[in-house]
Amino acid sequence: MAAHTKTELLRALNDALGAEYGALWLLPQHMAQLEDEELRRQLKLIADVELEHAEKSAQMIYSLGGEPNADLPQLRPRRGAREILEAHLEGEKEAIALYTRALELTDDPKIGEMLEKMRRDEEGHQRLLQRALSRL
Ligand SMILES: [Fe+2]
Ligand SMILES: [Fe+2]
């Protein structure tokens with residue numbers, strides 16, 4: 001892999017790691033706020049997967065010889081089910097875009113496979129959040 005491509009890939013993976021941190025920071029306070037048990041359960045399912053994604057992103061960064069150096073993004077906690085679901089839907093779209101960018105930068109089949117799996121997870125979250133929004 002060319003050095004500049006590797007730098008770009010590390011940047012994309014650190015951006016993705018930061019996005020996962022952001023979701024993991026918001027989700028518990030949003031779950032605490034929601035009264036609907038089913039919605040809380042769905043956000044918990046998403047949080048478990050985002051934690052896995054944060055670990056996998058960091059693993060990929062280490063395997064490329066980099067250091068995880070993402071900051072916690074400055075995010076505003078939302079109020080109310082609609083705003084909460086819309087905020088996480090935006091986050092999922094951002095995550096899909098970040099993993100797509102990372103996929104375009106790698107020719108390593110193992111990393112590619114991990115990234116594709118993570119992107120599919122985010123697409124699943126996107127559908128789940130869209131369905132939850134349509135039921136409000
Ligand atoms: Fe994720
Ligand atoms: Fe997600």
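Predicted model: local features only at pLDDT ≥ 70, side-chain atom pairs only at ≥ 80, totals over all residues.

Visitor: Let's start with H1 and H3. At what angle do their axes cross?
Guide: The axes of helix H1 (residues 3–33) and H3 cross at roughly 160° and come within 9 Å. Since an angle over 145 degrees counts as roughly antiparallel, H1 is therefore roughly antiparallel to H3.

Visitor: Is that crossing left-handed or right-handed?
Guide: The crossing of H1 and H3 is left-handed.

Visitor: Which residues make the contact?
Guide: On the H1 side they include Leu 9, Ala 12, Leu 13, Ala 16 and His 30. On the H3 side they include Ile 84, His 88, Gly 91, Leu 98 and Tyr 99.

Visitor: And how do they divide into nonpolar, polar and charged?
Guide: The contact of H1 with H3 has 11 nonpolar residues, four polar and three charged.

Visitor: What about H3 and H4, how far apart are the axes?
Guide: The axes of H3 and H4 are 9 Å apart, and the two helices pack at an angle of about 160°. That angle makes H3 roughly antiparallel to H4. H3 passes H4 in a left-handed crossing.

Visitor: How many charged residues are in that contact?
Guide: The contact of H3 with H4 has eight charged residues, along with 12 nonpolar and six polar.

Visitor: Staying on H3, where is Thr 100?
Guide: Thr 100 is found in helix H3, which covers residues 81–104.

Visitor: Why does Thr 100 count as partly exposed?
Guide: Thr 100 counts as partly exposed because it has 15 C-beta neighbours inside 10 Å. A residue needs 20 or more to be buried, and 12 or fewer to be exposed.

Visitor: How far is Thr 100 from Leu 115 in space?
Guide: Their C-alpha atoms are 8.0 Å apart, while in sequence Thr 100 and Leu 115 are 15 residues apart.

Visitor: New topic: H2. What span should it have?
Guide: Helix H2 (residues 37–63) has 27 residues, so at 1.5 Å a residue it should span 39 Å. Its end C-alpha atoms are 39 Å apart, which agrees.

Visitor: Which of its residues are buried?
Guide: Among the buried residues of H2 are Gln 42, Leu 43, Ile 46, Glu 50 and His 53.

Visitor: What covers them?
Guide: The cover over the buried residues of H2 includes H1 and helix H4 (109–135).

Visitor: And what follows H2?
Guide: Gly 65 follows H2, and its phi is positive, near 85°.

How values were computed
Residues numbered from 1 in each chain as written. Chains lettered and ligands numbered in written order. Helix = DSSP H or I, 4+ residues; strand = E, 2+ residues; numbered from the N terminus. Axes fitted to C-alpha atoms, helices over the stretch in contact; angles between N-to-C directions. Parallel < 35°, antiparallel > 145°, perpendicular 65-115°, else oblique. Left-handed = near helix turned anticlockwise from the far one by under 90°. Contact = placed C-beta atoms within 7 Å. Nonpolar A, V, L, I, M, F, W, Y, C, P; charged D, E, K, R; others polar. Expected span 1.5 Å × (residues − 1).
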